[in-house]
Amino acid sequence: MEHSAATPAWAAIAYLIAGVCFILALRGLSSPESSRAGNRYGMIGMLVAVVTTLVTHPPVSLVESATGTISQVFNTTDALLIVAAIVIGAVVGLTIARRIAMTQMPQLVAAFHSLVGMAAVLVALAAWLNPGGFGLLDATGQIFLVSRIEMALGAAIGAITFSGSVIAFAKLNGNMSGAPILLPARHVINFGILGAILVLIAAYVLSGAGGPGEGTLIPIIVVLSFIIGFLLIIPIGGADMPVVVSMLNSYSGWAAAAMGFTLSNSAMIITGALVGSSGAILSYIMCAAMNRSFISVIAGGFGQDASAAAGGPAIDRPYKAGSADDAAFLLKNAEKVIIVPGYGMAVAQAQHVLREMGDLLEEQGVDVRYAIHPVAGRMPGHMNVLLAEANVSYDKVFELEDINSDFGQADVAFVIGANDVTNPAAKTDKTSAIYGMPILDVENAKTTLFIKRSMGGAGYAGVENELFFRDNTMMLLSDAKKMVEEIVKAL
Amino acid sequence: MDFISILSIFVLACFVGYYVVWSVTPALHTPLMAVTNAISSVIIVGALIAAAAASVPAAKWIGLVAVALASVNIFGGFAVTARMLAMYKKKEKKG
C-alpha cells in the first residue's frame, strides 16, 4: 500500500510543518492578543503546502521521443492556467473579504463552506478519472481498495457539505425563508437516501469497476449526496443555524481529511481532523446552550408552531411602555448597566450607536458591560464580532457563565433584540419549548429594558416572555437602531 | 506512507484538535470558523495535483476549477479572519 512512494522525504516534512502551522493558527485563538500571530501561522502553513505541491507536482505532459520512450515535459500552458486559477480565486476571495459587512459573516462562512465541499467533490472526481496522476493505481491498473473507500467517502461528504451549505447560505442571506420546510415522511426519505449512499459506496468499493473513471456508481453517489445535503438542511429553522453552520464546518473538515487519506497527505489529514473537531465542538457548545440534543436539532422543525403559540391570550396583558427619555433617565442614574445584545441588534445594525450609548454612559460614571449568550445571533461568537467591529473593548464583553451572577447587582439590564435567551420560562415552565436552556438572568436586575419592534410575535421558539409584563420591566417598542439613537440624543 | 501511519496521524490530530479548540475563547468563535474554513482549503493540494497531472484532460479541467474555488476560500478566509481579528481591541481607559 505504498501508494505515494513518489512523495520525497523533504515534501513529507514540509506538509507536516504546514500541519503544525495550522495547529498553531487555532492555538493562537485562545486570546485576542495571540490571535493575529496565529492567523499568520495559518497563512504560512498554506503557503508551504501550496509551494510544496507545485514543486513536487509540476504540470507535465507526456512526450514520445523518436526512439519510442515516453518522457515528461514541463507544460507551460498548464502552469499558466494553474496560476490564472489561483489569481482569479485570490481576486474574488479578497474582494469579498474586504466588502462583506460583519453582520453578514454567517452567510459568508456558509458560502465558504460550500466552496470547500465543492472542491472536495471535484478533487475526488479528478482522482477517480485520473488515478494514475494521484499515484492511486496498483500493478494491475486498478485503483487501490483503500483509495476507493476514501475517494467515495470524500466525494459524498464533500457533496453533502456543498448542498447543505448552499441551503444554509440561502436561509441566512434571506434568499429563502428561515422557516423550517417539512416534507411528509422526511425521516424515512432521509434515512433511505443515506442508506442508499452507504450501500452504493460499498458496492463501488467491492465492484470490479476499479479502473479510471469506470462505472457509474461514483456519479450516482455524488448526486444522491447533493440531494441528501439539501434535504437535511431545509427542515432546520433560522435560530438553529448556529448549530448547522458549525456542523457544516465540521463536515468540510472531514471531507478534507478523507481526501488527505486518498493522497496520503499529512497536512490535509491534520487540517481535516482539526477542522472536523472544531466544528463538532462548536455544534456541541451551541446545542448545550439551547439544552437540546444534536439529534433534535438535525431532525429539524423547531419553532414551526410559532404563530400558533403566540396567538394565545397573553397578547392583551398590560405592560409598561417607555420612551427613549425614560430609558435615558434610568440609564443615566444607574450605577451598573449590563447590555444584552441579540440577533435583533444585528438585523438593525445597531452595534455602532449602541457603543456610542455605552461611551456616553461611561463618561457619566456608569459601569457598562455586555453579556452574551452562546446562541445569540446566527453563528457562534456572532455578537462578539459585531461589538468588536463597533469598537467595544473586548474586556467589557462577558460570556453567560462569567456575568450571570452579576445581574443581581445591576441597576439596569438593557436587552436589545434578544428574547428567548432571557426568558425565565426556561427555568420555571416545564412545558415550555425552551425549558432547561441556560438563560441570562436579566430578571434579577432592578430594572429591565427591552427594545423590541412590537408586542406582537413571540420569540423564535414561539414562547411568550413572562418578563415583558413584570412591574420592573419597561418595553421600548421601536426599531432597535432608532431607539438607541434617540436614547443617545436624550443623554 | 502506509495506511496505518496515516491513520495514526489522523487519530492523534483529532485529539490535538479537541484540546486546542476547547482552549479557544468563545469571543473568538466566529474568527475560529473563518480560519478553519480557510485552512480546510488545504484541499487545494489535491486540486493542484489534478490540474498538473498529464493525460486525462477532463480531470485536469476539473482540477483547475477546484484550484480556483479553493483559492477563493484561502484568500477570502484568511483575509476576512485578519479583518475580524484586527477589530478585537482593548480600549485604553479614558482619563
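A:Thr53 lies in helix H2 of chain A, which covers residues 32–56. In this predicted model, A:Thr53 has a relative accessibility of 1% and therefore counts as buried. When residues up to four places away in sequence are left aside, A:Thr53 touches A:Tyr15 in its own chain together with B:Val45, B:Leu48 and B:Ile49 of chain B.

The contacts of A:Thr53 with chain B belong to an interface in which 110 residues of chain A are in contact with 82 residues of chain B. The size of an interface is often given as the accessible area lost when the parts come together. For chain A and chain B this buried area is about 8,400 Å², and carbon and sulfur atoms give 77% of that area. Between the two chains the count of salt bridges is one. A:Asp78 forms a salt bridge with B:Lys60, and the closest N and O atoms of this pair are 2.2 Å apart.

Chain A itself comprises 18 helices and eight strands, and its C-alpha trace spans about 95 × 50 × 30 Å along the principal axes. Of its 491 residues, 56% count as buried. Among the contacts in chain A with a separation of 6 or more, 77% are accounted for by residues 24 or more positions apart. The accessible surface of the chain comes to about 18,900 Å², and 63% of this surface belongs to carbon and sulfur atoms. Chain A carries 26 positive and 35 negative side chains, with the centres of the two sets lying 3 Å apart.

Over all chains, a search of the whole structure finds nine salt bridges. Within chain A, the side chains of A:Arg355 and A:Asp359 meet in a salt bridge with an N to O distance of 2.9 Å. Because A:Arg355 and A:Asp359 are four residues apart in helix H14, which covers residues 351–363 of chain A, they are separated by about one helical turn. A:Arg355, at 22% relative accessibility, counts as partly exposed, whereas A:Asp359, with a relative accessible area of 13%, is buried.

A further salt bridge joins the side chains of A:Asp441 and A:Lys427, at 2.5 Å from N to O. This pair links distant parts of the chain, since A:Lys427 is in helix H17 (425–428) and A:Asp441 is in the loop between helix H17 and strand E7 (447–452), 14 residues apart. Here A:Asp441 counts as buried at 11% relative accessibility, while A:Lys427 counts as partly exposed at 45%.

The loop between H17 and E7 also holds A:Glu443, which forms a salt bridge with A:Arg470 in which the closest N and O atoms are 3.1 Å apart. A:Arg470 is in the loop between E7 and strand E8 (473–477), and the pair, 27 residues apart, again links distant parts of the chain. A:Arg470 counts as partly exposed at 31% relative accessibility, and A:Glu443 likewise counts as partly exposed, at 22%. Elsewhere in chain A, the residues A:Asp367, A:Arg369 and A:Asp406 are linked in a network of salt bridges.

Backbone geometry was also examined. Most residues other than glycine have a negative phi. A:Ala185, in contrast, has a phi near 55 degrees, a positive value in a residue other than glycine, and A:Ala185 lies in the loop between helix H5 (145–173) and helix H6 (186–206) of chain A. A:Ser264 likewise has a positive phi, near 50 degrees, and is found in the loop between helix H8 (241–263) and helix H9 (266–290) of chain A. At 8% relative accessibility, A:Ser264 counts as buried.

Notes: Residues numbered from 1 in each chain as written. Chains lettered and ligands numbered in written order. Predicted model: local features only at pLDDT ≥ 70, side-chain atom pairs only at ≥ 80, totals over all residues. Heavy atoms only, no water. Helix = DSSP H or I, 4+ residues; strand = E, 2+ residues; numbered from the N terminus. Buried < 20%, exposed > 50% of the residue type's maximum accessible area, 1.4 Å probe, protein only. Contact = heavy atoms within 4.5 Å. Areas by Shrake-Rupley, 256 points an atom, 1.4 Å probe, with all protein chains shown as cover. Lys, Arg positive; Asp, Glu negative; His and termini not counted. Charge placed at Lys NZ, Arg CZ, Asp CG, Glu CD. Buried area = accessible area lost by both parts, 1.4 Å probe. Salt bridge = Lys/Arg side-chain N within 4 Å of Asp/Glu carboxyl O.
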